[in-house]
Amino acid sequence: MARPSPQQWTALLGLIANDAELVHGEFKGPLGVVRVRRRWDEIAQILNAMPNAPVQRDGEKWKSTWISLRGRAREAFRLLAKYRAGTGGGPLAEFVGLGLSPLYEQVLSMTGTRAAVGSNCPNPLQIQLNIAAAAQQNVVHLVLGEEGTCW
């Protein structure tokens, strides 16, 4: 399958850069789905009309292309962060094939890196499970009493 040309990639990123609904895949408001679909169709027309465009796709396929690119950039950044966090001197990440391409750097500048490496915040579900487990222990403790006898 043909890949978009560098000009198409540049145009795609330029067209969606200031549109949070398209960049992050989240729509706002009751007509968000319709608006996003229409916007991707407009982008498809622009990208397909580029001179010598090797790729012709509809709006849904360009959206999928963006999501795939965003995922690849995040994965590359995650691997780079993991390598850098490793111990030991080791060669520079670029020398072992873990450098970020200019395209990936541009994508990450638009989307941020939190989705790639996480936020270091505790998982809310795990907190709830820990609270529930602690509550059960307290209930058992109250029922058994301090000497292990029932109240």
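Predicted model: local features only at pLDDT ≥ 70, side-chain atom pairs only at ≥ 80, totals over all residues.
## The overall picture

The protein chain has seven helices and zero strands, so if you read along the sequence you get the pattern α-α-α-α-α-α-α.

How much of the chain is tucked away? Of the 151 residues, 27% are buried.

Take the contacts with a separation of 6 or more: 59% of them join residues 24 or more positions apart.

## A look at helix 3

Helix 3 covers residues 32–48, which makes 17 residues.

Which residues of helix 3 are buried? They are Gly32, Val36, Trp40, Ile43, Ala44, Leu47 and Asn48. Here's a handy bit of background: an α-helix has 3.6 residues a turn, so residues three or four places apart point the same way. As for partners, the buried residues of helix 3 pack against helix 1 (6–16), helix 2 (20–24) and helix 4 (59–85).

## The nonpolar core

Now for the inside. The largest nonpolar core holds 26 residues, and Leu12, Ile16, Trp40 and Trp66 are the ones with the most contacts inside it. Helix 1, helix 2, helix 3, helix 4 and helix 5 (102–111) each give two or more residues to this core. Helix 4 provides the largest share, with seven residues.

Leaving out residues up to four places away in sequence, Leu12 touches Trp40, Ile43, Leu47, Trp62 and Trp66. Two of these, Trp40 and Trp66, are also on the list of residues with the most contacts inside the core.

Pro4 sits in the segment before helix 1. Is Pro4 buried or exposed? Its relative accessible area is 9%, and buried means under 20%, so Pro4 counts as buried.

What does Pro4 touch, not counting residues up to four places away in sequence? Its contacts are Trp9, Pro54, Val55, Arg57, Trp62 and Thr65. Pro4 and Asn48 are 44 residues apart in sequence, while their C-alpha atoms are 9.9 Å apart in space. Asn48 is one of the buried residues of helix 3.

Terms used. Residues numbered from 1 in each chain as written. Heavy atoms only, no water. Helix = DSSP H or I, 4+ residues; strand = E, 2+ residues; numbered from the N terminus. Buried < 20%, exposed > 50% of the residue type's maximum accessible area, 1.4 Å probe, protein only. Contact = heavy atoms within 4.5 Å. Expected span 1.5 Å × (residues − 1). Core = buried A, V, L, I, M, F, W, Y, C linked by side-chain atoms within 4.5 Å.
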